[in-house]
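Let us work through some labels used for a protein structure.

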Amino acid sequence: MYQYTQEQLDSMKKVEASRKERLENLHARMTADEKTAVLKEFHPDYIEGAYETLKIGPNKGEKVLHELADLLQGKSRIDSLKYDLTKPDYDVDVLVIGGGGAGSSAAVTAHANGANVMIVTKLRIGDANSMMAEGGIQAADKPNDSPARHYLDAFGGGHFAAKPCLLEKLVKEAPDAIRWLNELGVMFDKAEDGTMITTHGGGTSRKRMHACKDYSGAEIMRTLRDEVLNRGIPVVDFTAAVEIIKDENGKAAGALLVNMETGEVLVAKAKTVIIATGGAGRLHYQGFPTSNHYGATADGLVLAYRAGAKLLYADTLQYHPTGAAEPTQIYGALVTEKVRSLGAQLVNKDGKPFVYSLETRDVTASTIIRECKGRGNGVKTTDGEGVWLDTPMIEIIGGEGTIEKRIPAMMRMFGKYGIDIRKEPILIYPTLHYQNGGIDINADGETTNVENLFVAGEAVGGIHGRNRLMGNSLLDIIVFGRNAGKYASAKVKEGITVGKLTLDHVKAFEQERKDAGITSDILSPKLLPDYTRKDM
Ligand code: MEZ
């Protein structure tokens, strides 16, 4: 059971005391200038010392965080592996690397299109960030909304940096993505007349967040996994891709695989390859805790980079404003934005609101960091500090029972530690949540410079620009998963002849490392986070 400190209890009283006033007067929204100012001063993306310039590879000369640079410029594992590229263990049309929502959507679509498809995943199908998404999935499918509005919200929220062709696809195909999931069996929250219940997220001008309580990702992933298994799509689990194999013509043609349990090395030959390996929260950039799945170690970016694919906006990360700050056992775990959509407010140690609760994520996170680090208005916690998220307001606004009905996962997560979020506010602090940048693709999901290499999901860069809105990630894994599956299988149908398999590009990359004077022996892709105590 969690025991509050006296300081926390005193502060909590101030939160309770200011509730009436806050219910009557919502905090004002910020102006564009105010947002720019707080981002520059407090958003972790602006900390110059956290970055370094890449010395080699397709993005040479560009800045990325140190942790990512170590891996992008890391050493391949192939020197220590025995393999024979002339004797593939698997030979398929479409090889999907990654068993999350994007990989599963891609595989289902390619399979429906007649392709011989296989999923390879370093953990198990469904062990992914998709499974952990909570608050919902956006789609403009209500009469008062439109894909154009959705586009404007996401484009502005992403600082006008999204690749227009990708964002256009995202918003236009969103309603069909919801229809597809609904038909597959996803149990969306619906009103008695069958219409979908939708809410706001940060930066949305219409209520377009479709949800399955606060288990949205788990419910979507459950359905997709069933569909993969029911179709009999082969899933090779506990097997990591450690390099993209190319053919002699420089086109992607498979992957070198390593069984995570036995160390067995396997060669998968394929006509097209789809990278759907997800994000990077487990790199704990800048020392942040993370809401991410255990497997989120930026593997796809490394695989693609070494194969010659360009990255886009690899320097920008999303810190979700509300990670659990207490109790320490769940430090960094996601407290869904839906909590704020339902009326919970952010308040400081004096019970004072400091931001409108549904500003976009990067802005909201920055104001929380400012409140703690810049203004000394944070509440001390076991691992640092945090501010209050006043959850009892949800029941006051929405009526008794709203929390249990709409966000039962949150109630249970805190309930385990004796915290009743219906009665007590919770302490939160930003947590590393999403990789805004990733591999550069065209509208067909193919990398811009390695033929037959496709990407879907969080490993893609540019869909959202330099900041993503809530619910647009569950959406992008479906839209761009299906998209990659569609075009990768269509290309196979058009006819692809795979030439002699080679890993010469990996050897050339090693030479580039040497020529640039990089001597580090950090192996990449990382595959699993390292939580071994350094003092042992
Ligand atoms: O899109 C997300 O990241 C999401 C839905 C997260 C959340 O707050 O629930």
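Q: Where is Leu527 found?
A: Leu527 is in the segment after α18. Keep in mind that this is a predicted model.

Q: Why is Leu527 called buried?
A: Its relative accessible area is 8%. Buried means under 20%. The value for Leu527 is 8%, so Leu527 counts as buried.

Q: What is said about the phi of Leu527?
A: Phi is positive, about 75°, although Leu527 is not a glycine.

Q: What is the omega of the peptide bond from Glu326 to Pro327?
A: Omega is near -5°, and the bond is cis. Pro327 lies in the loop between β13 (317-324) and α12 (338-341).

Q: Why is Lys213 called partly exposed?
A: Its relative accessibility is 36%. Buried is under 20%, exposed is over 50%, and partly exposed is in between. The 36% of Lys213 falls in between, so the label is partly exposed. Lys213 is found in the loop between β7 (209-210) and α10 (216-230). Its phi is positive, about 50°, although Lys213 is not a glycine.

Q: What makes Asp350 partly exposed?
A: Asp350 has 32% relative accessibility. That value lies between the cut-offs of 20% and 50%, so Asp350 is partly exposed. Asp350 lies in the loop between β14 (345-347) and α13. Leaving aside neighbours within four places in sequence, Asp350 is in contact with Lys14 and Asn377.

Q: Why is Val265 called buried?
A: Its relative accessible area is 19%. The cut-off is under 20%, so Val265 is buried. Val265 lies in strand β11 (residues 265-275). Not counting residues up to four places away in sequence, Val265 touches Leu81, Lys82, Tyr83, Asp89, Leu256, Leu257 and Val258.

Q: Why is Thr364 buried?
A: Its relative accessible area is 0%. This is under 20%, so Thr364 is buried. Thr364 lies in helix α13 (residues 361-374). Among the residues Thr364 touches, not counting those up to four places away in sequence, are Pro321, Arg340 and Leu346.

Q: Which distances are given for His320 and Arg468?
A: An N or O atom in the side chain of His320 is 2.8 Å from an oxygen atom of the ligand. For a polar side-chain atom of Arg468, the distance to an oxygen atom of the ligand is 2.8 Å. The protein covers 98% of the 270 Å² of accessible area that the ligand has on its own.

Q: What makes up the shell around the ligand, by class?
A: The shell has 2 nonpolar, 6 polar and 4 charged residues. At least three residues come from each of domain 1 (6-30 + 318-432) and domain 2 (76-135 + 209-316 + 436-502).

Q: How many residues of domain 1 and domain 2 are in contact?
A: 26 residues of domain 1 are in contact with 21 residues of domain 2. The C-alpha centres of domain 1 and domain 2 lie 35 Å apart.

How values were computed
Residues numbered from 1 in each chain as written. Predicted model: local features only at pLDDT ≥ 70, side-chain atom pairs only at ≥ 80, totals over all residues. Heavy atoms only, no water. Polar contact = N/O pair within 3.5 Å; in protein donor to acceptor, adjacent residues only side chain to side chain. Areas by Shrake-Rupley, 256 points an atom, 1.4 Å probe, with all protein chains shown as cover. Nonpolar A, V, L, I, M, F, W, Y, C, P; charged D, E, K, R; others polar. Domains from an automatic or database assignment. Helix = DSSP H or I, 4+ residues; strand = E, 2+ residues; numbered from the N terminus. Buried < 20%, exposed > 50% of the residue type's maximum accessible area, 1.4 Å probe, protein only. Contact = heavy atoms within 4.5 Å.
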